[in-house]
Amino acid sequence: MDANGSDAIGRAVEALRCARAVVAITGAGMSAESGVPTFRGSGGLWRTFRPEDLATPRAFARDPALVWEWYLWRRGRIAAARPNAGHVALAQMERRFAAFTLLTQNVDGLHLDAGSRNLVELHGNIWRARCTEEPRRVFDQRGDTPGEELPRCPCGALLRPDVVWFGEPLDPVALDRAAAAVRACDVLLVIGTSAVVYPVASLPSLARHGQALVVEINVDETPLTSEADIVVRGPSGAILPQLERLL
Ligand code: OAD
C-alpha cells in the first residue's frame, strides 16, 4: 500500500462512494493552511505558551486580563484568515451524503464561513463570550471593538470566551450528538488532529466498534495512525479537494 499517494486516496474514495453516513472530525491542522497556528508541533501555540496559564478555569480566575489578551490576540490572527480549499471541500461533501456530520475541535469558525451546516463545534467558538455567572447568556462578539475594560455581561459579571478549557467538560448535548453520529457512520474521516486530546480522541475507537472505516488525513503520524484503516499523508487543503473531486 502506498500511504502517501494515489492508492490511499483511491481507497478512501471507494469507501466514501459506498457510504451512506459520513462523519469528519477536524483539528487545528485543518486551518493551518489558512494561517491559523496549530497547538502542537513546530510553530504550535503550546511551544510558546503554557496552556495552564491561558486555557484553564484557574488561569482565568487568577488573571482574566491575561487570558482575554491572549484570546483577543488569537481573534486577530483568525480575523485575518479565510477558509482554505479543505474547508470548502468538506462543505461541498456535506451535500453529497444522506448523512454527513462535521465535528470540529477548532474554535475559529472557519467551517461555518465555508458553508458547513451540520456542524458541531465541540470546543466552542472563539467569537462568542458567555457570562461567568449564567453560562446560558452567550454573546456574539464578532465585529466588536475591545474596550479598555474587561467585557462584562449586562448583569455585571465578567464574560469569558465561550470555549472549552483544559479541565472542563464538553457540552454534554454536543458530545452526545457527536457520539451518536460516530456510532452510526460508515466512514470516519479524521483530519488534521494530533488525536491526543480527550474526549474527542476516543471517537475513532467508537467508530471502529460500530464497524466504520477510519481514514486519517494528516501531514504527520499520530497515535491514531496505526489504528486507521486508511492513512492519507498530506495537507488537508490539498487532499480534501482531491477526494471531493473524485467522489
Ligand atoms: P494539534 O496542534 O495538537 O494537532 C494538529 C495536527 O494537525 C497535527 O497532527 C499535525 O501533524 C496536523 N497538521 C498540521 N498541518 C496540517 C495540514 N495542513 N493538513 C493536515 N494535517 C496537518 O491540534 P488539535 O489536534 O486540534 O484544545 O488539538 C486538539 C486540542 O488541543 C485543541 O482543540 C486545543 C488544544 O489544546 C483546547 O484548547 C482545549
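Me: How do the residues of the lining of the largest pocket divide into nonpolar, polar and charged?
Reply: In this predicted model, the lining of the largest pocket is made up of 24 nonpolar, 17 polar and eight charged residues.

Me: And what volume does the largest pocket have?
Reply: The volume of the largest pocket comes to about 1,000 Å³. Of the 49 residues lining the pocket, Gly 27, Ala 28, Thr 38, Phe 39 and Arg 40 are the closest to its centre.

Me: Which elements give two or more residues to that lining?
Reply: Those elements are helix H2 (29-32), helix H3 (45-48), helix H6 (64-79) and strand S8 (213-218), and H6 gives the most, with five residues.

Me: Switching to cysteines, how many disulfides does the structure hold?
Reply: The structure holds zero disulfides. The sulfur of Cys 155 has its closest cysteine sulfur in Cys 153, at 3.6 Å, which is too far for a bond, given that a disulfide needs the two sulfur atoms within 2.5 Å.

Me: What about Cys 185, where is its nearest cysteine sulfur?
Reply: For Cys 185, which is in no disulfide either, the nearest cysteine sulfur belongs to Cys 18 and is 14 Å away.

Me: Is Cys 185 buried or exposed, and what about Cys 155?
Reply: Cys 185 is buried, with a relative accessible area of 3%, whereas Cys 155 is partly exposed at 44%.

Me: On to the rings: how many aromatic pairs are there?
Reply: The count comes to nine aromatic pairs. One of them joins Trp 46 and Trp 70, which are stacked, with 5.5 Å centre to centre and 20° between the planes. This pair links distant parts of the chain, since Trp 46 sits in helix H3 and Trp 70 in helix H6, 24 residues apart. Trp 46 counts as buried at 17% relative accessibility, and Trp 70 is buried at 5%.

Me: What kind of pair do Phe 49 and Trp 73 form?
Reply: Phe 49 and Trp 73 form a tilted pair, with 5.6 Å centre to centre and 55° between the planes. Phe 49 lies in the loop between H3 and helix H4 (51-54) and Trp 73 lies in helix H6, so this pair ties together parts that are 24 residues apart in sequence. Phe 49 is partly exposed, with a relative accessible area of 27%, and Trp 73 counts as partly exposed at 36%.

Me: Which residues do ring pairs link into a cluster?
Reply: The cluster consists of Phe 39, Trp 46, Phe 49, Phe 60, Trp 70, Tyr 71, Trp 73, Trp 165 and Phe 166.

How values were computed. Residues numbered from 1 in each chain as written. Predicted model: local features only at pLDDT ≥ 70, side-chain atom pairs only at ≥ 80, totals over all residues. Heavy atoms only, no water. 1 Å grid on protein atoms, 1.4 Å probe; cavity = no way out; pocket = protein on both sides within 12 Å on 5 of 7 lines; lining within 4 Å. Points joined across faces, edges and corners; volume = space filled by probe spheres on them. Helix = DSSP H or I, 4+ residues; strand = E, 2+ residues; numbered from the N terminus. Nonpolar A, V, L, I, M, F, W, Y, C, P; charged D, E, K, R; others polar. Buried < 20%, exposed > 50% of the residue type's maximum accessible area, 1.4 Å probe, protein only. Phe/Tyr/Trp six-rings, centres within 6.5 Å; stacked < 30°, edge-to-face > 60°.
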